[in-house]
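Here is a short report on a predicted model. Look over the sequence and the structure before reading on.

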Amino acid sequence: TDGDKFIDGLPKCELHLHIEGTLEPEMVFELAKRNNKALKYESVEKLREVYDFENLQSFLDIYYDGANVLIHEEDFYDLAFAYFKKAHEDNVLHAEIFFDPQTHTDRGVEFKDVIDGLTRARIDAEKEFGISAYYIMCFLKHLTEEEAIETLKQSIPYKDQIIGVGLDSTELGNPASKFKKVMKMSKDAGYQLVSHAGEEGPPEFVSDALDILNVERIDHGIRSLEDDKLIKRLAKEQIPLTLCPLSNCKLCVIDKMEDFPLQAFLDANICCTINSDDPSYFGGYLNDNFKCVNKSLNLTLEDLQTLAKNSFKASFAPETKKEEWI
Ligand code: ES4
Ligand code: ZN
């Protein structure tokens, strides 16, 4: 359709993408072979068949298992470079990419190998595609704050390669208060702060991320709509939300794309953005997310433009860059 062509040509930013969530089944098999790792699935097709989730946790179990094939610096390079190629095809000019160091260091992979591979891919992609990118290190909410502090310490020698710190993984049972100290330490170390909140958890989890952790951006935040006062606050303070429509469908946060409440966020004048979260697991990259939402919600070209503009506005890129892009 016309909308699809408009979306293809629209310059945009990706602000909510887990690099481990771009690991395609084909690459799982390639890396397993290269690293002499046995897989419990007999084929790419059989692996893809288990990508059928009922909630966040059922996805996370599969996602952490998939990450086991990532071992060497070049594995992280190949993973990230493949993503940059896809992103460039989607007219993504700038990406702020999450990585989960603990998923790897807990298996004996060195922090250095993770960040070195990711950084080398970023530099090569900037040269080859002209794409710009930052990395955001996430602490896993299902682990302890002490473990997060240990990871923060490991990151310090590489802090010039990391723009910020986020929180992801299991939301229910892991409130913001659990990570108050490590997030303050991260801010003091010079990192920007973001957090997943209000994906499966109630709106209070979003206000707590703002009030207790002082984050600048909320990842997901879809359940904010259940609290009118919070919605007014997000609009007034122009706190960006990085929404992920295909993710919300696949993890049963919503029943169907027609229920994705984008219009409510737009009507409330909230700086909402469209993102792909874990594209290999959720059925599509950034333009697939835009197209799916556009088709199900009958957006106007103006809405699409607003969403792209919001993505630049919400990014951590310097103001001069943003002006150039918008
Ligand atoms: C995630 Cl969709 C989602 N939610 C929370 N944590 C995550 N890590 C990777 N994908
Ligand atoms: Zn996420």
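## Strand pairing

Two strands pair if DSSP finds at least two bridges between them. Strand β6 (residues 217-220) and strand β7 (residues 241-243) pair over two bridges, in the parallel sense. I218 has L241 of β7 as its bridge partner.

## The sheet

How do the strands line up in the open sheet? Eight strands form the sheet, in the order β1-β2-β3-β4-β5-β6-β7-β8. The pairing is parallel. On average, neighbouring strands are turned by 25° against each other, direction ignored.

Helix α7 (residues 111-129) lies across β2 (92-99) and β3 (132-140). Its direction is at about 160° to β3.

Helix α7 also packs with helix α5 (residues 73-89). The angle is about 35°, and the axes are 7 Å apart. The crossing of α5 past α7 is right-handed. From α5, the contact includes F76, Y77, F81 and F84. From α7, it includes V114, L118, R120 and F129. The contact residues divide into 10 nonpolar, two polar and eight charged.

## Around ligand 1

Which residues surround ligand 1? They are H18, G21, L56, Y63, D168, S169, H196, E199, S247, D277 and D278. This shell has two nonpolar, five polar and four charged residues.

Terms used:
Residues are numbered from 1 along each chain as its sequence is written. Chains are lettered from A and ligands numbered from 1 in the order in which they are written. This is a predicted model: local features need pLDDT of at least 70, side-chain atom pairs count only at pLDDT 80 or more; totals for chains, interfaces and linings use all residues. Helices (H or I, at least four residues) and strands (E, at least two) are DSSP runs, numbered from the N terminus. Axes are lines fitted to C-alpha atoms, for helices over the stretch in contact, and angles run from 0 to 180 degrees between N-to-C directions. Two residues are in contact if their C-beta atoms, placed from the backbone, lie within 7 Å. A residue is near a molecule or strand if its C-beta atom, placed from the backbone, lies within 6 Å of it. Ala, Val, Leu, Ile, Met, Phe, Trp, Tyr, Cys and Pro count as nonpolar, Asp, Glu, Lys and Arg as charged, and the others, Gly among them, as polar. A crossing is left-handed if the near helix is turned anticlockwise from the far one by less than a right angle, and right-handed if clockwise.
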